[in-house]
Structure formats: structure tokens, C-alpha cells
Amino acid sequence: MDTQDTSPAVLLFFDKQRFIFNAGEGLQRFCTEHKIKLSKIDHIFLSRVCSETAGGLPGLLLTLAGMGDEGMSVNMWGPSDLKYLLDAMKSFIPNAAMVHTRSFGPSPGSPSRVLQSFDNPFVLIDDEVVKISALLLRPNHEEVSSSPESVTNATKPGDLSVIYICELPEIKGKFDPRKAAALGLRPGPKFRELQLGNSVKSDSQDIMVHPSDVLGPSVPGPIVLLVDCPTSWHFRDLLTLQCLAPYYVDTANEVLEGSKIVNCVIHLTPLSVTQTDDYRTWMSKFGEAQHIMAGHEMKNTQVPILKASARLAARLNYLSPQFFPSPGFWTLQNSGLPSEPQAPHKDLFLKDKQISAENLLKFHMRPYANLGLDKSSIPSLSSHSEIIEELLSEIPEARDASEKVTRLWSDSASMTEEPWLLEGAVPSCLEDITREDMEIVLLGTGSSQPSKYRNVSSIFINLFSKGSLLLDCGEGTLGQLKRRFGVQGADEAIRGLKCIWISHIHADHHTGLARILALRRDLLKGSPHEPAIVVGPRQLKRFLDAYQRLEDLDMQFLDCYHTTEAALEAFDSNEGNPTNPASKDVDSALFARGSRMQSYWKKPPSPSQSGAAAQILKSLKKALEEAGLEALVSFPVVHCPQAYGVLLQASSRINSVGKTIPGWKVVYSGDTRPCPELVKASHGATVLINEATFEDGMMEEAVARNHSTTMEAVGVGDSAGAYRIILTHFSQRYPKIPVFNDETHMHKTCIAFDMMSVNLADVHALPRVLPYLKLLFKDEMIVDESEDVSLATAVA
């Protein structure tokens, strides 16, 4: 569990089998940090099919596809709507991810799905190790009119929820050789037969000897239930499930004949449901069972579970609080939030039997002698002050460096000490700039897959009171927003989102999108608002459409193609009736003539797509104007089919003496080789955010994978006359800081780190902070943490 950005995940593991329940965003990064090997997972079960429970699936499947010579095979279990989601993922997950979809329940789209009874459990796995069964829950809207049409409309795909029942086989009683001898048996094969449960004939007496004659009493196998009851409507259905009756005990806590003793119930149910009197009465039906409350307890938001990343963030904050504000989770500790829900006094019985879930809390099922909870692996809470004490003992000069960085803001005279800063005068767009104009927050700065120190691509453009934009939205973007701004601050940021722009279809750039859109929908429910506008490559629409069938994402989709310079000019000149820009408008120097990439570019959208785009373009222009932006322009780059970069141009403004001040310009490269379109778009940019995946010595790798090296990225910004360059999207082989072989032109450049926040008012100081940042990593400039980060995911 983490800061409410994901669903709780549960791992059930035996010597040779691994089962995981729910795969929300951040699961893979969590497992990397805590050295949990995902390569051994045989089965993944979803308690619901939605962005909350399945957001980590694409990244997880990509990682499994990259393991071994032929990839890993995995079984995916979930309600019948699971196939929508897996089909949509095929557009960006290679065939090497051998996923066997095993859905259960009614066929998707069937009107009878709501009316039929789901009372019988589906037995999914039944072997010598474990039996796993599933019970379906659907919302029971009692007051909905009885006509089938209205009932069907009330229940959407994605509303189905699951209770999983995990039962271990009973432990046979101990064999007593003395009893066997008394019944006339000699030691030998017949002893073994009796232990296997078979009856045998006595050697010296004319009787049959049965296992019960020579075995001690057997011990029932442990039973664990995982309950996901997302709403009070689902709870109504839960109360009607007759097949749960054998797992209940009576009011006197007596075990009825034929009943099964439940040892542990893990509640994935949210607090809004578990804290009702009715739910707690239902919990008490399980007698002495241990209840683990995993439905987003506030306790977990206080523990920065990605400890390596939190430690680095705290050190960077100490060195430069201007560019690395204090992360949201440290402020939460002093917010006065209750660490555990207050149970009503009448629940004294349950109070002894329930515990708030925590990260890495364990419940032992075998051996039987260890049955019960184990808190030994729960991570401790590191305080900000402890981390800084450790830093200063390790790098004493960090104290002096922190003071020098602070003086960069207060001592303007120091500008003269470094004359290269005066080479390019401060751009006129920064004249009279305030701290409420614009801030760039680098939420994810790594490539391919999340690592301990860097999440995957996402950039938050904070326009403060005017709203915000996201440029790319890799898995875990919501979690990063909550770590940067705190739980409530992130909610505010998402409410204000005007547009989300996606550069290309690779999973490390867009799989956090559905979770962000779903939360925005929930936050704005009941208040007047416009749907979010998603601008991305057209293949992305298929993925989003699949999610839309499961849960309404409250969005409009616009192909990046329609936001290119040529398309926007055509749109304006035709008074809102866009035509397809001629393919000659696409810079022919970008692609080899007749190549696959060029053919993708020349294939125009259909007329119906262009017509729909006109309306969404109008909405986008209106949203941009409200945000104080003059333009959002996409441009093709060299990476994969339909890969783009983007240019954001702010509107000009009038200062206090009536002078017109031009707007700032931010360019983001997406993933690309250096190319003419990127140089052209970056001309005169205030800030260029450029990918720099590889170090300079890996040019062949960069060319083969259509990425840039560090100096190529700097060179693009330099040739375009960009004022400041921020390098990002580093290969995870550089977990903390990338390698620099040549520092030419670094006077206008800085390296991005996760959570780095660059206010436009501070952008002039960016390059001057870099030498102090390097101080933090003086002994680890080249660190290969390959034991934690699998580089096999280059399939992306």
C-alpha cells in the first residue's frame, strides 16, 4: 500500500508457486525496492477490472516478456470484463508477454449479467497446494425500477467485484506405529498406504485397518478470504450470498457441523464501507478470524514506502529547497490525521481481532505452528532529520554547499563571477516574472521501467490558479503527484488539469493515464466541468476506449496529428473545418524515403475523425486560453511510428507600465534522435526538456534504439538557442546520476531528478546548481544497480 495512488496488492506464496492479487500502479517499483522477485509469479488475480487494480499490469507484463530467452508465461484471472483490457494492451505489449486470460462470470455485454444469480463459487485453482475460488459481487440497486432495461443500465462493465477464497488442504494426523502394530500390521509398504489415506488388510488379523485407526486427529487447512466490496450497493449483494454460510460461525461462536474455520480475512474494502455498523456486524460472523483492514488506511500515507527515492528526495531538498521542495509525505506526518480508524466502543470484540494493514505485513499459513501475523518485515519510518544527519556525517561539505546554493538567490552580485552567465542575456519573457506564473515539476525522469530512484516519464506543468497540464503520464504518475504535493495537494492538481499530452505509445509514457482520468472524474463528480482533453498518438485511443467500456474516464481524445503546425494552420484557414495537411508539410529529412515511419506519417486520419477533431480542437483552444497559453503544437520526431514532441507557448502579457512582454516557451522532446523538427521547434525556447537516455560512449545503442546521448541532447538545445536545457529520460543503468564525458555547453544545462520543481522565476539559476548536485553523488557517478533494475525490458 502507498499514498492512495494504487490498490492494495496481496502476495500468496509457496515454495514453488506465487499468486498475486491486484496489480495496481507502483507494484513493480515496490517489488524492485524490496527485492520481491516478480519472475516467479504464476497467476495474477484482479478483484475488479479497473485502473485502480490493473494500472500496473502493462508494465508488469512488459517486464515478464523481457525475462529469459522466450519471456515468461502468466495466467490472468478476473471477472469477464478482463478481456477488454488485455485486448487493448496488445497494441503496445509484444507477443513475448504470454498472457493467458482466464475470466469467469457472465459474458460481457449480456443483459442477463445483472439479473442472474452468481451465488455459486467459481473454482479457479485446485491442486495439492491450494484451492482458490471466486465469488462475484455486483451492485444491488434495490430502488431501481424492476424493468430489466433500467437494471442493466444501472450496472456497467467494470462494476463486478470479487471475493477470493484461498483454502489449504488439511494436515493429516500423525501416524502412530504402535497402534498399527497392535492391529497386526508389520512395518513396510502398508504403513505408507495408510499415511496416504488408503485402508489395508491386517497382516496377522482378519480385519481391515483404516487410516482413522492409526492416524491422530487431522488439523483443518488454514482459510484466507480476500474481500473487495467497493460500495454499499455491493455490500447489499454480499449479505445475500448463501455460499458464504459454511464460513460463518453462530452468534455463540460455536462451530457448526460442516462449517469451515476462516483464519484471516483481508479487507480490500474502502473505509467508507468497512466503518458502517452493518459491515462490522458481518465481520463478526467469522468468529475468531484475524481481520486485516487494507482499504486505504491513512496510516500508510505517512510511510514513504519507496525509501531509496524518499531518502534521495530529502537529501536534494536539503541541498536546494528551491528546486526540491519538501516532499508531501513528510508534511503529512505533522498533519494531525488519525493513524488508525476509531472503532465504535461497541466493537470491543472486533477491536481485538482487527489490524490496519501495513506494507509487508505477513500472515503465515504454514507451518501450522507459526499460524498468524508477522510484523517483522514492516519498514520503519525514517524521519527527515535522520536522513540529513546521515548525509552530513557522510558528506560534511554538503552543509557548506547548501549555504552556497541559498546564496545564489540572495547574492545577485555573484553573477559577475561567472561571465558566461551573461553571454546570453536573460530572455525578455522572464522580465517581471512572478512565482505564480509557471512551474515545471519533473515527476518521472527514468526510461523503460520504474527503478528505486527514478520513475518513468511524466512532466507536470503547473500554471497555479490557471490550471495545469501533463506531458506524458507513465505508470505511477499519480503516486508521484501525491509524494510531491501531498494527498490533498495532488487532488487539487488533478482537478485543475486542462490537458494531458502523450508523446508516443510506449508503455513507460502513458500507462498512468487511466488512473489520473478516473480520479479526476471522481473529484469533479457533481460539479460543472469540461471533460479532460487527451492529446496522443492515434493507437492510444484503442487502449483508452477499452478502459471507457469498464469505467467512464470523462475525456475527449485528440490525435496528435491534429495539433501539428500544418493541421492547426489548415484548421484556422478553413474556419474550423480541418483538412488533412499535405504530407509534403512533414519534413522529408526526418524519415528515409518509403520507410515505415514515413508511411505512417502520410496516412491521414479518416474524414469522420477529422470532423470530430474540429470540435475537440475548439475545446482545446478554449482550455489553453483559460490557462494563459497561446498554443500547444505537436511535431514529429524520430523514435517509433507516430512519435511526437510538443511546444507550449504562453500568451504575451502587459506589465505595470503598459509594456508588452512576450510569453515563455517550453519544448519537450518526447523520445527521439536529434532531428530538424526538434531543433526548429526549440528555436528561442525558454526551457527545452530533452531526453538524454544514453551516455556519449553509447552512440551505437542510441542510434539503434532511436534515443539521444547526453551531448546530442545538449547540442540540440545549443544549436536552437534555447535559454535553458533540462536533461531527462535517463537509462536506468544510471540509477542516480548520468555519466558526463564532456561538459561543453553545460553552462545552460541541468540534470532532472524525480520531484524536481523548476519555477520560471528560478530558471536562470538552474546550471549553477548542477555542480552542487553532483557533490551528493561524488562516490557513485557510475553505479550499475543491475541487481535491482532488470535491463531486459529494452523490448519497450
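**Ground rules**

This is a predicted model, so to speak of a local feature we need pLDDT of at least 70, side-chain atom pairs count only at pLDDT 80 or more, and totals for chains, interfaces and linings use all residues. Residues are numbered from 1 along each chain as its sequence is written, and side-chain values use heavy atoms, with hydrogens and water left out.

**Stop 1: the sheet**

Helices (H or I, at least four residues) and strands (E, at least two) are DSSP runs, numbered from the N terminus. Two strands pair if DSSP finds at least two bridges between them. Strands of a sheet pair through backbone hydrogen bonds, either parallel or antiparallel.

Which order do the 6 strands of the open sheet follow? Reading across, you get β23-β24-β27-β28-β29-β30, with mixed pairing. Select 629-636 for β23 and 749-751 for β30: these are the edge strands, each pairing on one side only. From one strand to the next, the twist averages 15 degrees (axes are lines fitted to C-alpha atoms, for helices over the stretch in contact, and angles run from 0 to 180 degrees between N-to-C directions).

Now select 644-650, which is β24. Buried or exposed, what are its residues? Buried, 7 of 7; buried means under 20% relative accessible area, exposed over 50%, and partly exposed in between (1.4 Å probe, protein chains only). In a regular strand the side chains alternate between the two faces of the sheet. Show the side chains of β24: Tyr644, Val646, Leu648 and Ala650 point one way, while Gly645, Leu647 and Gln649 point the other way.

β24 has neighbours to click on as well. It pairs with β23 in the antiparallel sense over 7 bridges, and there Ser634 has Val646 as its bridge partner. With β27 (residues 665-668), β24 is again antiparallel, over 4 bridges; here Leu647 is partnered by Val667.

Slide along to β28 (687-691) and β29 (724-728), which pair in the parallel sense over 5 bridges. Pick Asn690 and look across to β29 for its bridge partner, Leu727.

**Stop 2: the cores**

A nonpolar core is a set of buried Ala, Val, Leu, Ile, Met, Phe, Trp, Tyr and Cys residues joined through side-chain atoms within 4.5 Å. The largest one here has 98 residues, and those touching the most other members are Ile440, Ile461, Leu469, Trp501, Leu629, Trp664 and Ile689. Helix α22 (607-626) supplies the largest share of this core, 6 residues. Another core lies apart from it, with 62 residues, including Ala23, Val74, Leu85 and Phe92.

Zoom in on Ile689. What does Ile689 touch, not counting residues up to four places away in sequence? Its contacts (heavy atoms within 4.5 Å) include Ile440, Val667, Ile726 and Thr728.

**Stop 3: the cysteines**

How many disulfides are there? The count comes to 0, a disulfide being a pair of cysteine sulfur atoms within 2.5 Å. Cys560 is buried, at 0% relative accessibility.

**Stop 4: the salt bridges**

The structure holds 30 salt bridges, each a side-chain nitrogen of Lys or Arg within 4 Å of a carboxyl oxygen of Asp or Glu.

- Select Asp206 and Lys201: their closest N and O atoms are 2.9 Å apart. Asp206 is exposed at 70%, and Lys201 is partly exposed at 41%.
- Move to Asp491 and Lys482, with closest N and O atoms 3.7 Å apart. Asp491 is buried at 16%, and so is Lys482, at 5%.
- Next pick Lys498 and Glu626, where the closest N and O atoms are 3.1 Å apart. Lys498 sits in strand β20 (497-501) and Glu626 in helix α22, so this pair ties together parts that are 128 residues apart in sequence.
- Finish with Arg311, Arg315, Glu390 and Glu394, which are linked in a network of salt bridges.
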